[in-house]
Amino acid sequence: MSGTELELRGRGIVALSEHAVMTAVGLQLEPDASEDELMRLAEGLGVINDAACFAVGDISNFYREHFPARWREWIERGSPIKGLDSKTVKVYGAVCAAYDHEARARHMASYAGHPGVSFSHFSRVRRYGTVQAEYWLTTAAEEGWSLEELERRIEGGTPGSDDVPPVPE
């Protein structure tokens with residue numbers, strides 16, 4: 001099995017590598033999995049996690065746009081997406097509405113060896129408006145900032161601040 005293939009092994013079971021199988025309850029690793037293989041799996045799972053967050057938001061937004069009455073019922077009775085409450089689905093939808101696929105791809109691309117930003121980075125800055133969010137996402141991607149570093153820079157050392165941060169000149 002190559003590093004880019006997934007093998008479906010029945011309902012809800014996906015082989016991620018020769019030594020790793022993902023099920024609905026987690027990852028099953030064989031004892032002879034190498035450290036390199038584990039690192040590739042970890043990176044791949046990060047991509048899958050971000051993609052899943054964006055996918056949930058995109059589904060919610062599509063449903064809301066095309067089936068508004070049913071979407072309201074869907075949200076009011078709780079999310080049908082196992083493990084996610086309605087509030088989380090709404091937040092994911094708001095993040096996806098704020099950033100089109102092109103913007104997501106641009107900021108998630110690797111910069112000079114940095115991995116780009118995560119869904120959480122997008123979620124954190126969306127409240128600041130387009131110009132400031134663009135600045136913070138671009139800088140975080142180019143500098144390889146973790147979410148924690150981004151928050152530290154935004155807050156300027158003031159934990160929990162929701163003030164709109166100034167864009168440095």
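This report describes the fold, the nonpolar core and the charged side chains of one protein.

## Basis of the report

The structure is a predicted model, in which local features need pLDDT of at least 70, side-chain atom pairs count only at pLDDT 80 or more, and totals for chains, interfaces and linings use all residues. Residues are numbered from 1 along each chain as its sequence is written, and side-chain values use heavy atoms, with hydrogens and water left out.

## Overall fold

The protein has seven helices and four strands. Here helices (H or I, at least four residues) and strands (E, at least two) are DSSP runs, numbered from the N terminus. Read along the sequence, the elements follow the pattern β-β-β-β-α-α-α-α-α-α-α.

Of the 169 residues, 31% count as buried. Buried means under 20% relative accessible area, exposed means over 50%, and partly exposed lies in between (1.4 Å probe, protein chains only). The accessible surface of the protein comes to about 10,800 Å², and carbon and sulfur atoms hold 54% of that surface. These areas come from the Shrake-Rupley method with a 1.4 Å probe; for residues, only the protein chains shown count as cover.

Contacts, defined as heavy atoms within 4.5 Å, also describe the fold. Among the contacts with a separation of 6 or more, 45% are between residues 24 or more positions apart.

## The strand hairpin

Strand E2 (residues 14–17) and strand E3 (residues 20–23) run antiparallel and are joined by three bridges. Two strands are said to pair if DSSP finds at least two bridges between them. E2 and E3 form a hairpin, with two residues between them. Within this pairing, Ala-15 stands opposite Val-21 in E3. In a regular strand the side chains alternate between the two faces of the sheet.

## The nonpolar core

A nonpolar core is a set of buried Ala, Val, Leu, Ile, Met, Phe, Trp, Tyr and Cys residues joined through side-chain atoms within 4.5 Å. The largest such core has 25 residues, and Tyr-99, Phe-122, Val-125 and Leu-150 touch the most other members. At least two residues of this core come from each of helix H1 (35–66), helix H2 (68–76), helix H3 (86–98), helix H5 (119–125), helix H6 (130–143) and helix H7 (147–155). H6 gives the largest share, five residues.

Which residues does Val-125 contact, leaving aside its neighbours within four places in sequence? They are Tyr-99, Ala-133, Trp-136, Leu-137, Leu-150 and Ile-154.

Glu-37 is found in helix H1. This residue is buried yet has no salt bridge, a salt bridge being a side-chain nitrogen of Lys or Arg within 4 Å of a carboxyl oxygen of Asp or Glu. The nearest side chain of opposite charge, Arg-40, is 5.3 Å away. In this assignment Lys and Arg count as positive and Asp and Glu as negative, while His and the chain ends are not counted.

Beyond its neighbours within four places in sequence, Glu-37 is in contact with Ser-17, Glu-18, His-19 and Ala-20.

## Salt bridges

The structure holds eight salt bridges. One of them joins the side chains of Arg-106 and Glu-102 (4.0 Å, N to O). These two residues are four residues apart in helix H4 (residues 101–108), so they are separated by about one helical turn. Arg-106 is partly exposed, with a relative accessible area of 34%, whereas Glu-102 is exposed, at 60%. Glu-102, Arg-106 and Glu-134 are linked in a network of salt bridges.

In helix H7, Glu-149 forms a salt bridge with Arg-152, the closest N and O atoms being 2.8 Å apart. Glu-149 also forms a salt bridge with Arg-153, with the closest N and O atoms 2.5 Å apart. Arg-152 is three residues from Glu-149, and Arg-153 is four residues from Glu-149; each spacing is about one turn of the helix. Both arginines are partly exposed: the relative accessible area is 47% for Arg-152 and 39% for Arg-153.

Ala-52 lies in helix H1 and is partly exposed, with a relative accessible area of 38%. The C-alpha atoms of Ala-52 and Tyr-92, 40 residues apart along the chain, are separated by 9.9 Å.

Glu-143 lies in helix H6 and is partly exposed, with a relative accessible area of 49%. Its C-alpha atom is 9.9 Å from that of Val-117, 26 residues apart along the chain.
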